[in-house]
Every structure is written in C-alpha cells, then in structure tokens.
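Colleague: Thanks for making time today. Could we go through this model together, one question at a time?

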Amino acid sequence: TNQIPRHIPPQSFYTKLVPGILMGGVLPVGSVFIQLYFIFNSIWAHQIYYMFWFLFIVFLILVITCAETTILLCYFHLCSEDYHWWWRAYLSSGSTALYFFLYSIYFYAGLHSYLYSVL
C-alpha cells in the first residue's frame, strides 16, 4: 500500500462537511415530524399517548430513513474520491438528534408562551 495519501478533488456543496451533515438529518426528521408533535404534546401537555404500535412503526421508519440517508451520502463521498467519509457517516444520521432537540425547544417555547397567555 502507498503511505502517501491521495489528493482529494474539489468537493461540491453537498459533499462538504457541515452542509452534508446538516442535510443528512432533514429527511429523517421530515419523515416523523407529525408524530413527534403528538409525542411532545402528550409529554408536556399532560395528554395520554395511546398509539404505541404506531409509534413503533414510526420508529422503524426513522431507523430505515437514517440508514438510507447515510448510505446515500457515503456513496456521494466515495464517488467524489473523498476517503474521509467515516465521521460524516455517523454525523449525518446523528444530526437527526440535533433537529429533534431544536424542535423540542421550539415546541416547548410555543407551549410555554401559550400557557402563560391563557393564564
């Protein structure tokens, strides 16, 4: 094997580090966005969530979508001869957690302001 690393050609916008990671989490969050609203509503508005079988199906959809998104982004990196793909593989699906966290803050702030406006 050659000890000298190969030169990586110039990358397009979607294969750079930060845009690729941020775009990797949009599709999985978009696939479970509506169900996430109902879950947060049941947690913070003291309502009962009773559709656990549907929650499991949505969880499976989330896992499959994260896996497919990671495979697709890794394929783009490997086709553009970028051999630094391994951290992007983890972080592209890991950015889904960032979007979940940001949406939970947004939801809680909206619910909090609504509750104080009613009182």
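Colleague: Which residues in H3 are buried?

Modeller: Happy to start there, keeping in mind that this is a predicted model. Buried here means under 20% relative accessible area. In H3, the residues that count as buried are Gln-35, Leu-36, Phe-40, Asn-41 and Ser-42.

Colleague: How far apart are the end C-alpha atoms of helix H3?

Modeller: Helix H3 covers residues 33-44, twelve residues in total.

Colleague: What is the radius of gyration of the chain?

Modeller: The chain has five helices and zero strands. For 119 residues the globule rule gives 14 Å, and the chain is well over that, so it is more spread out than a compact globule. Its C-alpha trace spans about 70 × 30 × 20 Å along the principal axes. The radius of gyration is 19 Å.

Colleague: Which helix gives the largest share of the nonpolar patch?

Modeller: The patch on the surface is formed by Leu-17, Val-18, Leu-22, Leu-98, Phe-101, Leu-102 and Ile-105, with about 630 Å² of accessible area together. Helix H1 (17-24) and helix H5 (86-118) each give two or more residues to the patch. The largest share, four residues, comes from H5.

Key: Residues numbered from 1 in each chain as written. Predicted model: local features only at pLDDT ≥ 70, side-chain atom pairs only at ≥ 80, totals over all residues. Heavy atoms only, no water. Patch = residues over 30% accessible without salt bridge, like charges linked within 9 Å, V, L, I, M, F, W, Y side chains within 5 Å. Areas by Shrake-Rupley, 256 points an atom, 1.4 Å probe, with all protein chains shown as cover. Salt bridge = Lys/Arg side-chain N within 4 Å of Asp/Glu carboxyl O. Expected span 1.5 Å × (residues − 1). Buried < 20%, exposed > 50% of the residue type's maximum accessible area, 1.4 Å probe, protein only. Rg over C-alpha atoms; globule rule 2.2 N^0.38 Å.
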